[in-house]
Structures are given as C-alpha cells and as structure tokens.
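Dear colleague,

I am handing over the structure below, and after it you will find my notes on what turned up when I went through it. Please read them with the structure open beside you.

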Amino acid sequence: MSQQVQATARKGGGFALIMKGLPLAPFSAIFLFFFCWPIFQIFRNSLSEGKGHYGLSAYRLMFTKPYMHAFSVSLQLSFFSALSAGIIGAIVAFYVYRASSGLRSGIAMLSGVLANSGGVPLAFMFIAAFGAQGGIVTMLKKLGFDIYAHGFTLYSLTGLILVYSFFQIPLMLLVFTPALQGLRNEWHEASNSLGAGNFQFIRWVLIPVLFPAFLASTLLLFASAFSAFATARALTGGSVGLVPLVIGSLIDGNITTNQANLGDALAVGMVVVSAVVMGFYGFSLKWARR
Amino acid sequence: MKTRALNYLRYAVLALGLMFFILPVASAIEFSLRSYGNKGHNLSNYQWIFQQDDFFTNLGISLKLAIVAALLTLITVVPAVTFLHLEGARYKRVFEFLAILPLVVPVVSLAIGAQKAMPTFIQNSQYELAFFYVVIAIPYTFQSLNVGLSSIPLKTLVEASRSLGASFTRTVLSVIIPAIRGSINSALFLAITLSFGEFTLTSLLHWETFPVWITRASQGNVLGSIALSMFSLIGAWVLLIGVQTAQNWKGIKLKKSAPEISKEEEVLV
C-alpha cells in the first residue's frame, strides 16, 4: 500500500516535493537553533579558558569541595524524594487501580493536574501550611506536638522532600498505574492454589513482576527532582545549596573572574547526571516491557 | 470477608492520600484569609492582588507568550509529527529520540547556554521566550501528538483522498487536519499550560512574566504572596480540570457515535 502512495506521490509533483521532508524543516530549525546550539555552547564554554585557549580549569574548579557538596546535596534530595514518593505512590496506585472506573478516572485526572503544579506558588502554599506560623504547624502545636521544636524546618532538605512529594506522588500514580494493568488475577489464584500466602505472593510474584516498572518510574521522579529549580529557589532562597541554585546565582552575576565558566561546567555536570539517569530509565523501561 | 477488609483498607489509603493533598491547600487558604494585626479573616489579601497594576500587565504578557508558543508548536511540531506518520517512518525513531532530549537537559543548563549563545537582537526580544517554551514543551507535545496520531488510520485516509483525485491542499485541509484535530488541540493545550507556568528559564534570562512577577510581588507582602499563590494555583487547577472534563465528555460522546463513524468510513473506502 505504501508503494502505491509513493507511486502516486511521484506522479503528483508538488505533493511529492512537499512530502520529501519539508514538514520536518521548521521543527528541525527551532530544535537546532534554540536547543542544540545553546547546549553546544555550554560544552564549548566549559572548556574555554579565554583568548582562544581551551582546558579543564572550569572542571577542576567544579571538582572542588563546595561544588561537589552541591552535587551531593542535589543527589540526596533527588534520591530520597524519588524513593519516598515512589514507594508511597506505588502503594496508593495499588489500592486505586481496582477501584470503580469513575473513581479511577477522577484520580487520574487529579494526578495529572497535581503532577504539573510545581513552581513558586507551590512553595508559598507550603510556607503557609508548614512554615513556623503555618496552619498545620499551629494546629499540631495546639494538639501538643510542636514539630519545629523537634528539629523540623521547612527550609531544609526534609522540607524540600515534603514539598516535592506534593507533585511527585501524583506523577508516580500517573506513570506507575499502567504497569499494574498488566497484572492478572489468575496469578494470585495460582499462587494461592500452590499454597502461598498473601505475603509470599507479594514477595515472590508481585514485587519481581512490578520492580522494573517501579524502577523506571522512580528514575523519572529522580530526574524531575534533580532538575527542579523554581520551588527550591522560592522555598530556601539558596540556603540549601543545590546545583541548579548555584548555577542560578552564578548567572545572576555573583561571579569572580576565575569562575567565569564554572556555571557552564556545572551545567554540563547536570546534563551528564541527568543523561545517565534517563539512560537507566530507558533500560528499565525496556526491561519492564518484556 | 477478606475482600471487605481489603475494601476498607483501600478507602483508608485513599482518604489518607487525599488528606495529604487537601490539608496543605486548606491550611494555605486559611492563611491567605488572615489579615495583618490579627483582625480576623477577610478577603483583603485578595483585594490587594487586583490593586497591583503589574498583575494585569504580567498576566497579559504570559498569555501572549503562551499563545505565540502554541502557534509556533502548530507550525513546527504538528507538521513534523504528521509527516513522520505519513511518509517519514524512516526518521521516526531518530525524531522520537530527539524529542526526549529537552527532558534530559535540565532547564537551568539550557538557560545558561541560551544566555551566552543567542545573538543580541534575539536576547533583546521577549519573544525569544516563546521559542524556548516550544522547545521545553517538545517532549510533551511531540509525545501527545505521536500517541494521538497512532490511533488514527491517517495513511489510509490520505491514500483514499489521493486516489479520489484530491489535490495536496485539499487533502491537508479536508482530510488530515479534521482527522488529527483532537490531537492538535491537546498538544496546543499542553504548550499553553507549560509556557504559562515556566519560571526557571524566564527568570534566569531576566524577563518578567506572571510566575516571575509573583516572586517579586511577594517580597513586600507575605500574606499577599500567599493569596496570590493560592489564586494562581487554584485558577490553574480549575482550568485544567475543566478542560480535561470537557475532553472526557467529548470522548464519551465520540464513543457513543462510533458505529456511525465506521459506517461512514466504509462508504468512504
């Protein structure tokens, strides 16, 4: 059939010409100029030492203590927020997926909406709820539990993990639920008839079957937490030294001369980490599809 | 008995989950209704929002940029994906891979590159943002179109139209566009929402749009900033839920009339 189309296309001159790939041109142009070109520039600048010299001095600076610390904090935040939201999201997804279809589609819709609500307003919402004068904090205090007296503060790594879970748990629901639809009731019956209890079913059937999808979804959460900027900036104002915030302050001009290309090196560092995570994501997605 | 226990457990988990989302929202709404000097709760912080001149200016700028980004998506991403489904199967893998890349590169990294790579005349125009918004949205718009078009026998429709002697323009206007209109709509909607909420790149390139303005406006007025945040969050939620409900409703209507469509198709073929 496609040969037939190609034949007709060859006959109709204009159609054939347009179909040769012209529709890909505007997309490619925007993609090259507004994506590939800037990315190429950060790679180039990170290696530049001024006056046409190239070298690794920006990377040498990147591998010193303060910036490695920033990477370590960013990775911790991404790891713990992805893990906690991943586990909670997976459990909620498991309880939701067999609910009535109305409830299910309602929750899917809510998840879609909440998963996209990051940014500055979310940070302010949590300041109003979990800040030192926040509603929830005052309420807990009245109940006799002062969380700020027990070392909790919203403007910390723990606080950020709490805030991120507000959009990460819904994101987990969105990406993990499709994996559950591959489960078969017969598996439970089969394992029951072989004498396995619920715990054994979960340990030996459910977890091995769902693990690849869980891993893939969690890696996606990891990547989203790693590159998140707005919420962290609005919430901590830089007191938690994440890599994106360090880059942000470098762009804003808090630069001494020997740091000129440090921002580019850090940006490349983020691209590398993110690419590795997304690479693993791709692999675990393939694994999950098997 | 067991299933009933499981049911209770299910509702308990669900209720707990909902609490996690409702409590902060309710608590923040309560906070936004407080007034300075503990004079009880009122709407003064919300009145403050509308007294800000910059509120409407920045809302306008954000809307304008979002619409430009949607139009750019319409003339770049839509033709590309349509082509890949019709004739460009060879390049489909490559472009699918390319379309994921903006998700792999953190926006902060793109911003620092944009700041140095763009020529001055582009950096001087606010519309540069719309182009970057298109790029940032590509993983979502491309994927949404890609999935949408996979569910339509687009190639067969075009073959039919061509074999009936329709011209290229005619085929595009009265076969391709009507067939993929739904997918186009959701892709454009994604482009608009993502553009409207974009903060990272916009603020790092030192432009002021609605989300950036919220941060600036909040510096002098804590209660006002919370009211403003709740206003924009809830506004966005209501809008998103409204559009999705409309889409679902349309989907149900389409499903109900599905037999008729297939009859029409038979006649067409």
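**Cavities and interface**

The residues that line the second largest cavity divide into 7 nonpolar, no polar and no charged. Please keep in mind throughout that this is a predicted model.

That lining is made up of Phe35(A) together with Pro102(B), Val105(B), Val107(B), Leu110(B), Val135(B) and Ile136(B), and within chain B both helix 5 (107–117) and helix 7 (128–150) supply at least two residues each. The volume of this second largest cavity is about 40 Å³, and the count of cavities of 30 Å³ or more comes to 3.

Turning to the interface, 76 residues of chain A are in contact with 78 residues of chain B. The size of an interface is often given as the accessible area lost when the parts come together. Between chain A and chain B the buried area is about 7,000 Å², and carbon and sulfur atoms give 81% of that area. Of the area that chain A buries against chain B, 12% is supplied by Phe27(A), Phe34(A) and Tyr95(A), which is more than any other three residues supply.

What polar and charged pairing is found across this interface? There are 7 residue pairs in polar contact between chain A and chain B, counting pairs with both residues at pLDDT 80 or more, and 1 salt bridge is found across the interface. Side chains of opposite charge can pair when their charged atoms come close. In this salt bridge Asp264(A) is paired with Lys116(B), and the closest N and O atoms are 2.6 Å apart.

On the side of chain A that touches chain B, helix 3 (residues 25–47) of chain A gives the largest share, with 14 residues. By class, that side of chain A holds 53 nonpolar, 19 polar and 4 charged residues.

Over all chains, the count of salt bridges comes to 4. The pair that crosses between chains runs from Asp264(A), in helix 14 (residues 262–289) of chain A, to Lys116(B), in helix 5 of chain B.

One backbone detail remains, and it concerns His206(B), a residue other than glycine whose phi has a positive value, near 65°. His206(B) lies in the loop between helix 10 (200–204) and helix 11 (210–217) of chain B.

With best wishes

Technical notes: Residues are numbered from 1 along each chain as its sequence is written. Chains are lettered from A and ligands numbered from 1 in the order in which they are written. This is a predicted model: local features need pLDDT of at least 70, side-chain atom pairs count only at pLDDT 80 or more; totals for chains, interfaces and linings use all residues. Side-chain values use heavy atoms; hydrogens and water are left out. Contact means heavy atoms within 4.5 Å. Buried area is the accessible area (1.4 Å probe) that two parts lose on being put together, summed over both. A salt bridge is a side-chain nitrogen of Lys or Arg within 4 Å of a carboxyl oxygen of Asp or Glu. A polar contact is a pair of N or O atoms within 3.5 Å; within protein, one must be able to donate a hydrogen and the other to accept it, and residues adjacent in sequence count only if both atoms are side-chain atoms. Helices (H or I, at least four residues) and strands (E, at least two) are DSSP runs, numbered from the N terminus. Ala, Val, Leu, Ile, Met, Phe, Trp, Tyr, Cys and Pro count as nonpolar, Asp, Glu, Lys and Arg as charged, and the others, Gly among them, as polar. On a 1 Å grid over the protein atoms alone, a cavity is a set of points where a 1.4 Å probe fits but cannot get out, and a pocket is an open set with protein on both sides within 12 Å along at least five of seven lines; lining residues have an atom within 4 Å of a point. Grid points are joined across faces, edges and corners, and a volume is the space filled by probe spheres set on the points.
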